[in-house]
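Dear colleague,

Please find the structure below, together with its sequence. My notes on selected local features follow it.

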Amino acid sequence: MENIKGEDLKEIPTLANVPADQLDWLLDHATLVEIPTGEYIFKKGDPIDKMQIVLKGSADIKIEQKGDFKLIGTIKEKEITGILPYSRATTATGYAEAKTDCEVLQISKSCLRAMSLLHYELTEALVHKMTSRTRKFTQLNEQQEKMMSLGKLSAGLAHELNNPASAMTRSAKELKKQLGHVPEKFKRLMTMRATTDEVEIINDILFKKIANQGVCSLSLIQRSDLEDDMEEWLDDHGVEDAYNLLETLIDFDFTIEDIEEIYEAANENNFPSAIEWIENVLTTEKLVREIQDAAERISGIVQSVKGYSHMDRAQESQEADIHIGINNTITLLNHKIKQKKIEIHKNFDQAIPHPKIMIGEMNQVWTNLIDNAIDAVDNKGIISITTRAENKYVVVEIADNGTGISEEHLTKIFDPFFTTKAVVSGTGLGLDVTYRIISQHNGRISVDSVKGKTTFTIHLPLN
């Protein structure tokens with residue numbers, strides 16, 4: 001390192017204000033290593049036992065997930081990586097692959113103790129670097145995890161909103177088509193000569209069926225038999241295209257006895273016009289209900305999003321019913337639940353006290369754990385969510401009957417970037433973020449897993 005002097009290290013921003021004699025000491029205890037393009041400055045599993053200063057070149061930081069690699073950052077020229085004073089990191093969780101030929105100064109961990117005793121300014125600069133790196137790393141973790149959660153929820157919302165929106169569009173088109181037939185049917189209705197009593201009888205039957213919500217309780221075989229009998233009856237009594245009227249009449253629980261009563265009230269000549277008008281009114285009612293149901297479904301989803309993101313409240317700790325957040329999360333993940341035909345068993349103790357929590361952050365916890373459980377189970381799997389009070393804690397258990405977590409992985413699942421999912425399916429940050437959020441609430445999380453049952457248990461303090 002004859003060509004490198006302590007003063008040269010001042011070009012590194014972190015070391016710019018460190019006295020030259022301390023930088024000379026650093027050089028005296030460093031080794032210069034050349035790393036060709038494509039080689040690694042460090043690899044996953046390597047001990048973090050050296051501080052490394054990249055004098056020339058740059059390297060990509062990658063993590064491995066099920067054989068695939070994901071780029072999460074870059075080490076640039078004049079940056080410092082590896083162990084720093086008072087750092088507790090022990091093992092590399094990713095790879096630093098040289099993008100270009102690199103020259104790297106390496107200082108052994110064993111020198112850091114002497115550095116902290118002898119060189120205050122140098123140690124201070126490196127500790128400041130460590131805290132900045134930790135802050136940046138934490139922010140990156142949180143941002144990546146939130147973006148992953150947002151992507152999952154966005155896909156779910158698009159799916160959930162598409163169904164009622166499509167239903168509204170379909171029903172609106174049918175309603176417009178239906179109303180187009182009204183003038184002609186109204187002309188025929190106006191030619192009827194009926195007494196007030198006869199009109200009252202028909203009105204009573206019609207609006208009684210509408211008031212009863214039109215819920216048909218017939219089995220498929222019973223409905224098919226009734227369709228055949230009713231079509232034959234209508235054909236015999238002068239109704240053209242009787243088959244087109246059957247679906248709506250039966251949907252509103254009309255029987256042959258009902259149409260016989262209408263026939264008697266309307267008389268033989270007026271009956272075809274009367275029954276067509278009744279079917280028209282019922283079809284309009286049905287389409288309006290479908291539009292209303294779809295609109296209410298969309299409104300319910302929007303309310304779930306609002307409750308989940310807690311957009312109408314300040315982001316601060318407050319007493320809250322955890323069941324609301326769990327239910328909102330299930331609503332937003334419902335597309336995945338339905339896709340795999342999963343059963344959700346809720347064993348909620350509604351009487352438990354309300355813990356003081358950051359609602360938005362805890363909703364992220366429910367999302368991570370429930371989404372992981374959905375991924376873990378097979379089709380028609382079961383996820384059980386249990387809540388209870390225990391001493392001075394609210395306890396939430398989220399269990400699934402999936403394949404379980406191996407003993408080898410069980411001790412690593414809360415580590416940053418550890419995941420058994422493919423790169424496109426997970427960041428490896430979800431459980432790390434979950435662990436940190438629960439720790440911020442002075443709570444704790446644990447996991448038990450055997451084949452066929454995995455249970456995450458969360459304890460949230462009540463005080």
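Where is the place of D253? D253 is found in the loop between α7 and α8 (256-309). Helices here are DSSP runs of H or I with at least four residues, strands are runs of E with at least two, and both are numbered from the N terminus.

Please note that this is a predicted model, in which local features need pLDDT of at least 70 and side-chain atom pairs count only at pLDDT 80 or more, while totals for chains, interfaces and linings use all residues. Residues are numbered from 1 along each chain as its sequence is written, and side-chain values use heavy atoms, with hydrogens and water left out.

Most residues other than glycine have a negative phi. D253, however, has a phi near 65°, a positive value in a residue other than glycine. With a relative accessible area of 26%, D253 is partly exposed; buried means under 20%, exposed over 50%, and partly exposed in between, using a 1.4 Å probe and protein chains only.

A positive phi, near 50°, is also found for D241. D241 belongs to the loop between α6 (220-236) and α7 (243-251). Because its relative accessibility is 57%, D241 counts as exposed.

Packing of two helices

Two packed helices are described by the angle between their axes and the distance between the axes. For α9 (residues 322-332) and α11 (residues 359-376), the angle is about 50° and the axes are 9 Å apart. The axes are lines fitted to C-alpha atoms over the stretch in contact, and angles run from 0 to 180 degrees between N-to-C directions. α9 and α11 are therefore oblique to each other; under 35 degrees would be roughly parallel, over 145 roughly antiparallel and 65 to 115 roughly perpendicular, with the rest oblique.

Which residues make the contact? From α9 these are I322, G325, I326, T329 and I330, and from α11 they are N363, W366, T367 and I370, contact meaning heavy atoms within 4.5 Å.

Strand β3 and its partners

Of the seven residues in strand β3 (residues 50-56), five are buried, so that the strand is mostly covered. β3 pairs with β8 (residues 102-108) in the antiparallel sense over six bridges; pairing requires that DSSP finds at least two bridges between the strands. Within this pairing, L105 of β8 is the bridge partner of I53. β3 is also joined to β6 (residues 80-82) by three bridges, again running antiparallel, and here Q52 stands opposite T81.

Yours sincerely
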